[in-house]
Amino acid sequence: MTFDMTEFMPLLPEIWVLSMTCVVLILDLFLRDSNRVVTYWLAQVTVVGALGMSVAVSGSESQVVLSGTFVADPMATLLKSFIYIVTFGAFVYARDYLRVRDLFKGEFYVLGLFGMLGMMVMVSAHNFLTIYLGLELLSLSLYALVAFSRDDARATEAAMKYFVLGALASGMLLYGISMVYGLTGSLDISVVATAIAGQGEQDIVLIFALTFIILGLAFKLGAVPFHMWLPDVYQGAPTVVTLYLGSAPKIAAFAMTMRLLAEALGGLQADWSGMLSILAVLSLALGNIVAIAQTNLKRMLAYSTISHVGFLLLGLLAGTGEGYSAAMFYTLTYAIMALGGFGMIVLLSRAGFEAEEINDFKGLNERNPWFAGMMLLLMFSMAGVPPTVGFYAKLVVLQAVINVDMVWLALVAVFFSIIGVFYYLRLIKVMYFDPPVDSTPLVAATDFQITLSINSLAVLVLGIFPGGLMALCASAII
Amino acid sequence: MSFEKFVFWVFALILVFAAFRVITVRNPVHAALHLVLAFFTSAGLWMLMEAEFLAITLVLVYVGAVMVLFLFVVMMLDINVSPLKEGFISYLPVGATVAGLIIFEMAMLVGDRYFGLDKVAAPIARPADYSNTRELGSVLYTQYVYPFEIAAVILLVAIIAAIALTMRRREGTKHQDPAKQVLVKRNDRLKIIKMDAEKGE
């Protein structure tokens, strides 16, 4: 076997990110604390460069290289581009937060970039082995990031829980994958798909393997009843880590689900669609109802994530091209909303004070009407109020579900979404109608303010003009 | 029963016994030693499958390096296991029932019916000079080069994470700096004082 160098062209973004991350890692050792900002800028250059390369090497054809372990297709390009954009935003929000807390270390950005590399590997994996290794690369970086604030007992506890449960979930996933390997004799996604199509749907051992795979996926996505880690990790981790963890990795988890369920195990759609519908209904119910009882905003957003995962699963379980692109649209817009939501918490926090209680947002309108308005947009979008993008995303998912004649699922989703509106509106009420308890002016760097404003306005703009992104999502699903 | 089969059963029984002891013995050092035994016997099983390279690697890497380090850590830490075992008895009935059910259900599926000897073709017997190390190397660096590189990156991340989470510069710790020790001059350490000799009476 010989290597054709053109085979490496589609991998250009991955190679760039890996090389640059190693450069950042080494260079950071020689920097003084006062020059640490160089690390930050290099990390951002890496992200922007990767975006440019991904777009440059993209094509409309699906291209499988390196003995079928890597695939470059429109879906990979689209999802990767959003991962870069969201990571860029997360790095901007993190800089000053880390600096005032004495956590502004190069390792944050190095681990963040490695996590991004893991996501990229997952997104363009064409082999079960690559998917698993990408997932481990991402998870390992995330475990370390959650524990990044070493002297914080809550963060350490969160990291411990995340690590143990994450390892368990990986084990489940691997067991399922090993069963698939035993039955089909291959780890290549397209070979597995052909083998399953030939074997027929009745094979009970395949369903046994599928159960374990779905279990692992549900853990990673945070779907009920495998959601236990999510609120604790979201609350315990430093806010900027929660922001990173709650946004871009969701896109990667979606990609992993697509590659495993839709592409490799597409022949078992009838089986996994039933399993996913149970997970979806439970997630929607528990996420929306338990969120009402929360007073901590990070915890509330964690439960809101669980309910959003329910919606995402609804789109997937439809099992049609329309459903997949609806779920993809939902994931991408959710990542933007989550980024903005946690960005607001970072904005309101300052040295020695975390604005993570709902009461900390009291009277935000009097303190800073512009950012109160931005938060209003984000909350409306999460609740699904038109004309924000959250409404449109929910609409396309429901449409896809109704088109496959699962009206009852759509009804359940609408019912719990209406319950969910309550806790988003409560935050808005607190911001606009309660007197401020804390009158410290909001201070943030200009680039932070601009990014957060663009982030929040994107929710509105995408809501009014969803056509472009929707068309991209539709063309990404072949 | 052929000799090979006999060896297999001996190894298999020892392996299951050792694995069971790993989680049931009270003393963590004994548990680690049982794990060593488990690795050894599974290496023996691999040897039976003619996967010599994997068998030797298992012994060298896991028994030789990982478990020895592990034993050191276990001996240094002085772990008190009794609080970890609290509530073991009260959870035992529920846990055992669930585990038993799962094992039964899995055995129904993953048994002979689907994975029996008639379902899977037997591996081709190779001549004695067949090098499976070479075979392994040739796919590892060609067909699986991408996963292989990712695995390397994962190890790098593990190193960075471990250092980032544990290395601290504490003030006031006592340590030696060999470079400074080497550079020391006579004048730094020795002080020659001239004294007048005392005169005798």
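A cut-off first: I call a residue buried when its relative accessible area is under 20%, exposed when it is over 50%, and partly exposed in between. I also keep in mind that this is a predicted model.

**Entry: A:Leu66**

I applied the cut-off to A:Leu66. Its relative accessibility is 3%, so A:Leu66 counts as buried. I then read the backbone. Phi of A:Leu66 is near 55°, a positive value in a residue that is not glycine. I noted this because most residues other than glycine have a negative phi. A:Leu66 sits in the loop that runs between strand E1 (63-65) and strand E2 (70-72) of chain A.

**Entry: B:Glu50**

I found a positive phi in chain B too. B:Glu50 has phi of about 65° and is not a glycine. Is B:Glu50 buried or partly exposed? Its relative accessible area is 40%, so I list B:Glu50 as partly exposed. The residue belongs to the loop between helix H2 (28-48) and helix H3 (52-77) of chain B.

**Entry: cis peptide bonds**

Next I checked omega. Most peptide bonds are trans. The bond from A:Val224 to A:Pro225 is cis, with omega near 0°. I placed A:Pro225 in the loop between helix H8 (204-221) and helix H9 (229-236) of chain A. Another cis bond joins A:Pro386 and A:Pro387, where omega is about 5°. A:Pro387 is in the loop between helix H16 (369-383) and helix H17 (389-403) of chain A.

**Entry: chain A overall**

I stepped back to the whole chain. Chain A has 20 helices and 2 strands. Its C-alpha trace spans about 65 × 55 × 40 Å along the principal axes. How does the radius of gyration of chain A agree with that of a compact globule? For 478 residues the globule value would be near 23 Å, and chain A has 21 Å, so I note agreement. Of the 478 residues, 62% count as buried.

I looked at contacts with a separation of 6 or more. In chain A, 80% of them are between residues 24 or more positions apart.

Then the surface. The accessible surface of chain A comes to about 16500 Å², and 69% of that belongs to carbon and sulfur atoms. I also located the charges. Chain A has 21 positive and 30 negative ones, and their mean positions lie 11 Å apart.

**Entry: nonpolar cores**

The largest nonpolar core has 195 residues. Those with the most contacts inside it are A:Phe108, A:Phe128, A:Leu265, A:Leu314, A:Met328 and A:Phe361. Helix H14 (residues 321-348) of chain A gives this core its largest share, 19 residues.

A:Met328 touches A:Met75, A:Leu78, A:Leu79, A:Phe254, A:Cys473, A:Ala476 and A:Ile477. A second, separate core has 9 residues, including B:Ala32, B:Val63, B:Met67 and B:Leu71.

**Entry: A:Ala76**

My last stop was A:Ala76, in helix H3 (residues 74-100) of chain A. With a relative accessible area of 2%, A:Ala76 is buried. Which residues does A:Ala76 touch, not counting residues up to four places away in sequence? I found A:Val71, A:Val123, A:Ser124 and A:Arg259. I also took one distance. The C-alpha atoms of A:Ala76 and A:Ser62 are separated by 9.5 Å, with the two residues 14 apart along the chain.

Terms used. Residues are numbered from 1 along each chain as its sequence is written. Chains are lettered from A and ligands numbered from 1 in the order in which they are written. This is a predicted model: local features need pLDDT of at least 70, side-chain atom pairs count only at pLDDT 80 or more; totals for chains, interfaces and linings use all residues. Side-chain values use heavy atoms; hydrogens and water are left out. Helices (H or I, at least four residues) and strands (E, at least two) are DSSP runs, numbered from the N terminus. The radius of gyration is taken over C-alpha atoms; the globule rule is 2.2 Å times the number of residues to the power 0.38. Buried means under 20% relative accessible area, exposed over 50%, partly exposed in between (1.4 Å probe, protein chains only). Contact means heavy atoms within 4.5 Å. Accessible areas come from the Shrake-Rupley method with a 1.4 Å probe; for residues, only the protein chains shown count as cover. Lys and Arg count as positive and Asp and Glu as negative; His and the chain ends are not counted. The place of a charge is taken as NZ of Lys, CZ of Arg, CG of Asp or CD of Glu. A nonpolar core is a set of buried Ala, Val, Leu, Ile, Met, Phe, Trp, Tyr and Cys residues joined through side-chain atoms within 4.5 Å.
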